[in-house]
Amino acid sequence: MRSLIVSDFDLAHTVQSAQPLAFFGDPSGDGNGVTYACGGSLVEARQAGSRLEYTAYGAIGGRRLDREIAARFRLEDDMRSVYAAIETDAFMRRATKRYRGLRITKNGPWETALCFVISQFNNVKRIRGIVKRLITAYGEEHALDSGGVRLSFRSFPEPEALAKAGVRDLMAHGAGFRARYIKALAEECSGSVDLGGLGGKGYEGAKEALMELDGIGDKVADCILLFGYGRLNAFPIDTWVQRAMERTYFGGRRQSIGRLHEFAEKRWGPYAGYAQQYMFWAFRNSGKGRAGV
DNA sequence: ACCCAGGCGGGCG
DNA sequence: CGCCCGCATGGG
């Protein structure tokens, strides 16, 4: 067991807020911990007050595990600067107060892309179910024997595995009309498209390239940039964020997605992604947003 | 029974 | 460009 002292960090809010980690990881019973597959290792993290405790089974450990945890939960983010930038009004101050410590997580581009292609026109509970069934059906199985404790788990399915799947099979796992997007995207990412290479491009160029792919439009591209590449300026606009912004800043009048992007960039700039995540989660869990978690 | 969900692609004006 | 529609599926 290793640990770090953290501040402005809340693991429960982070793992419950419908980020990729919440889709492929397993939150603990009390919601204050999470278990997730990282390559061929299984990582467990838990928070006790200001202490973030974690351990891993498999090859990863020591300093490399420290770096994985720090990167995954963006422990290096200067949250004082983030809050200073996004607490622009009463609505945002309420959101950051209610969900203080919620971090954007850093996930792999591929797993982020798949999770958010599945997310379209869907709800959080069902997204989680579909992702878990795909992991069970197509994820590589890992069996470990660490100190006499045997455990087995499956890691996130690789693009190659899903490229071989049939659309009918994907639909049988509940993917619905997204099945053909999943297959096409998996074929692209296991073939001509190098998702990792997009990390070197600028925000606009990377977004344009992502939107060339099947099932990826404006919103999903921004999700991949935010949660998969760590572009904190990316501002995904889903139905919740659109409604929240229209009610809060435009007197309830309908606004185009382009207009909302413009507003967000001007108002929150380099930390717009954090503004989005607090707005999304606060509004979705409010009376107005009305939805179970 | 009815409505909606972390939207996208395609067709039309 | 903008607008509108269909889309699979299950939970509230």
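Is the crossing of helix 6 and helix 10 left-handed or right-handed?

Author: The crossing of helix 6 and helix 10 is right-handed. Bear in mind that this is a predicted model.

Start with the geometry. Helix 6 covers residues 109–119, and helix 10 covers residues 179–189. Their axes come within 10 Å. They cross at roughly 160°. Angles over 145 degrees count as roughly antiparallel, so helix 6 is roughly antiparallel to helix 10.

Now the side of helix 6. Trp-110, Ala-113, Leu-114, Val-117 and Ile-118 make the contact there. Helix 10 answers with Tyr-181, Ile-182, Leu-185, Ala-186 and Cys-189. By class, the contact has ten nonpolar residues.

Next, the wider setting. The domain assignment of chain A gives two domains. Domain 1 spans 2–78, and domain 2 spans 109–228. Between the centres of domain 1 and domain 2, taken over C-alpha atoms, lie 21 Å. Domain 1 brings 16 residues to the contact, and domain 2 brings 19 residues.

Then the area. The size of an interface is often given as the accessible area lost when the parts come together. Here, domain 1 and domain 2 bury about 1400 Å² between them. Carbon and sulfur atoms account for 72% of that area. On the domain 1 side, three residues stand out: Pro-20, Phe-23 and Phe-24. Together they supply 44% of the area that domain 1 buries against domain 2, more than any other three residues.

How values were computed
Residues numbered from 1 in each chain as written. Chains lettered and ligands numbered in written order. Predicted model: local features only at pLDDT ≥ 70, side-chain atom pairs only at ≥ 80, totals over all residues. Heavy atoms only, no water. Axes fitted to C-alpha atoms, helices over the stretch in contact; angles between N-to-C directions. Helix = DSSP H or I, 4+ residues; strand = E, 2+ residues; numbered from the N terminus. Parallel < 35°, antiparallel > 145°, perpendicular 65-115°, else oblique. Left-handed = near helix turned anticlockwise from the far one by under 90°. Contact = heavy atoms within 4.5 Å. Nonpolar A, V, L, I, M, F, W, Y, C, P; charged D, E, K, R; others polar. Domains from an automatic or database assignment. Buried area = accessible area lost by both parts, 1.4 Å probe.
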